[in-house]
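Thanks for coming. Please have the model open as I talk.

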Amino acid sequence: MSLYFKQAGEGPPLVLLHGLFGSLENLGMIARLLASNYTVYSVDLPNHGRSGHTDHTSLGLMAQSVAEWLEQQSLSQVRLFGHSLGGKVAMELALSQPQIVSHLAVADIAPVQYESHHTDVFAGLNALNIDALSNRGEADKVLAQYVPEAPVRSFLLKNLVKEGAGYRWRMNLSVLQECYPAMLVANREGLYQGPTLFLKGANSDYIQPAAKSPILSRFPGAQVRIIANTGHWLHADKPELVVRTLEKFYA
């Protein structure tokens, strides 16, 4: 399948993978900063952004799609950064094909099973009659009944694109909802012995103390850095600090 991407900068190749419901634009700030020292490839995951759609998805399938894309770009080994779901996919790729990944950085996610916590998001997205919408304000008003946080609604509605007299979803909403449980599972067992960095938002609960053992069993060389005064969106909260931390790690 085809994956949409943007390339910027010069230097060793570095691939950025975004989270659930997102697109490469979500990592745009750190992509611009990292492009000073790296050739940065910002990629839309399958069924997200402008990338192709499939009838089914899972961590393994997404990792395989990224591996095939790397081969298409003649990239035999890369530095890798993934946030949230993108971090899950990055870990899956490193565990399944470790020779492809020279350095692995994972932002605010662990290789463990997660509980469902997007029920209200899916309900709100499905409540939108996108064929009948006349503007984004209407969509925001409906979505607010399910998702009270305005920044989260703004993030989600970036997936809504004008088409003809109505709108359409850029993401493959039906498949993401159907296959959502397959994206919450623990990452495969395996061993990636390359340099590994986990970044944790200090105010986020996505990486719990119980994740230490699952992390080290798969990534024995893993380091953990806590980014102060940040939540799950640590790259948006403190982009300069995140980039400095990554550049030190990738060097």
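Which helix gives the most to the lining of the largest pocket? Helix 6 does, with five residues; helices here are DSSP runs of H or I of at least four residues, numbered from the N terminus.

Some ground rules. This is a predicted model, where local features need pLDDT of at least 70 and side-chain atom pairs count only at pLDDT 80 or more, while totals for chains, interfaces and linings use all residues. Residues are numbered from 1 along each chain as its sequence is written, and side-chain values use heavy atoms, with hydrogens and water left out.

A pocket, on a 1 Å grid over the protein atoms alone, is an open set of points with protein on both sides within 12 Å along at least five of seven lines, and lining residues have an atom within 4 Å of a point. The largest pocket holds about 780 Å³ of space. It is lined by 38 residues, and the closest to its centre are Leu20, His118, Phe155, His232 and Trp233. By class, that lining has 22 nonpolar, 11 polar and five charged residues.

The second largest pocket holds about 190 Å³. Among the residues lining it are Tyr114, Glu115, His117 and Asp205.

Definitions and conventions: 1 Å grid on protein atoms, 1.4 Å probe; cavity = no way out; pocket = protein on both sides within 12 Å on 5 of 7 lines; lining within 4 Å. Points joined across faces, edges and corners; volume = space filled by probe spheres on them. Helix = DSSP H or I, 4+ residues; strand = E, 2+ residues; numbered from the N terminus. Nonpolar A, V, L, I, M, F, W, Y, C, P; charged D, E, K, R; others polar.
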